[in-house]
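User: I've got this one open on my screen and I'd like to talk through it. Can you take my questions one at a time?

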Amino acid sequence: MNNSIASYRAQYRLQFIGPSYRGWLHFAFTVSMASSIIVLCALQLHAVTRWEWLALPLTFVYCNLAEYFGHRGPMHHLRPGLRMVYERHAKQHHRFFTEKEMAFESSRDFKVVLFPPILVTFFLLVFGTPVAFLLAWLTTPNVGYLFALVATAYFLNYELLHFAYHLPPEHVVSRLPGMRILRRLHTAHHDQELMAHHNFNISYPLCDWVFGTLHSGKK
């Protein structure tokens, strides 16, 4: 490992990862909270009509857009009131993991990839819930629950895929169908010359393709 990267990782762990941090507990919190919301929403559905099922693809597209513009915008360009988001992602995450050194060294490094529990709670409850209630009021309760279900599933999918990209390349998850391509796209995004311009979709590069920011990762 490059000495400067090793030095920064050691400094980051000392400054930002407390001795009580448990990476697998953090991972379990994210998965269990999101999964609970998904199951709860699914149990509330009743006699869903054909037009209500349209909430599934529409919410997926909405989430892909939100992922893209959130990443392309405040995560890589400093915006008023969002300095912490910019610092944590562009200045810390991209310095901790480069295109040459993408893998975790231990479960303590999970903190550099997974959203903090407070932000998980914010995204799933404070941000998502009002939108779901608004959709339920404007349309039907089924649409509101379907939105919450898909949005939460998309968030969990985002977290799991991003986590997988930072596993060692020889890990069994890294060899799953399609993972090689997605890992290559995200690894290219960690190239300092590309990160502010290409591959902003962490999950599926739909918006990168539409908006012309997709980079194959091949040199």
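User: How many aromatic pairs does the count come to?

Analyst: Bear in mind that this is a predicted model. Rings of Phe, Tyr and Trp pair if their centres lie within 6.5 Å. By this rule, the count comes to 21 aromatic pairs.

User: Take tyrosine 12 and phenylalanine 96: what kind of aromatic pair do they form?

Analyst: The ring centres of tyrosine 12 and phenylalanine 96 are 5.5 Å apart, with 70 degrees between the planes. Planes over 60 degrees apart count as edge-to-face. So the pair of tyrosine 12 and phenylalanine 96 is edge-to-face.

User: How many residues apart in sequence are the parts that this pair ties together?

Analyst: Tyrosine 12 sits in helix 1 (residues 3-16), while phenylalanine 96 belongs to helix 4. The pair therefore links parts whose separation in sequence is 84 residues.

User: Now phenylalanine 60 and tyrosine 154: which helices do they lie in?

Analyst: Their ring centres are 5.5 Å apart and the planes stand at 65 degrees, so this pair is edge-to-face. It ties together parts 94 residues apart in sequence, because phenylalanine 60 lies in helix 3 and tyrosine 154 in helix 6.

User: What about the largest pocket: how much space lies in it?

Analyst: Of the 44 residues lining the largest pocket, those closest to its centre are Leu119, Phe123, Leu124, Phe127 and Phe155. Helix 2 (23-44), helix 3 (55-72), helix 4 (83-96), helix 5 (117-138) and helix 6 (141-165) each give two or more residues to the lining. The space in this pocket is about 1,200 Å³.

User: How many residues of that lining are charged?

Analyst: The lining of the largest pocket has 31 nonpolar residues and ten polar ones. Asp, Glu, Lys and Arg count as charged. In this lining, the charged residues number three.

User: Last one: which side chain makes a polar contact with the side chain of histidine 186?

Analyst: Histidine 186 is part of helix 7 (residues 179-189) and is buried, at 3% relative accessibility. Beyond its neighbours within four places in sequence, its contacts include Met102, Tyr165 and Ile202. At 3.3 Å, the polar partner of histidine 186 is the side chain of histidine 162.

Note on methods: Residues are numbered from 1 along each chain as its sequence is written. This is a predicted model: local features need pLDDT of at least 70, side-chain atom pairs count only at pLDDT 80 or more; totals for chains, interfaces and linings use all residues. Side-chain values use heavy atoms; hydrogens and water are left out. Helices (H or I, at least four residues) and strands (E, at least two) are DSSP runs, numbered from the N terminus. Buried means under 20% relative accessible area, exposed over 50%, partly exposed in between (1.4 Å probe, protein chains only). A polar contact is a pair of N or O atoms within 3.5 Å; within protein, one must be able to donate a hydrogen and the other to accept it, and residues adjacent in sequence count only if both atoms are side-chain atoms. Contact means heavy atoms within 4.5 Å. On a 1 Å grid over the protein atoms alone, a cavity is a set of points where a 1.4 Å probe fits but cannot get out, and a pocket is an open set with protein on both sides within 12 Å along at least five of seven lines; lining residues have an atom within 4 Å of a point. Grid points are joined across faces, edges and corners, and a volume is the space filled by probe spheres set on the points. Rings of Phe, Tyr and Trp (its six-membered ring) pair if their centres lie within 6.5 Å; planes under 30 degrees apart count as stacked, over 60 as edge-to-face and the rest as tilted.
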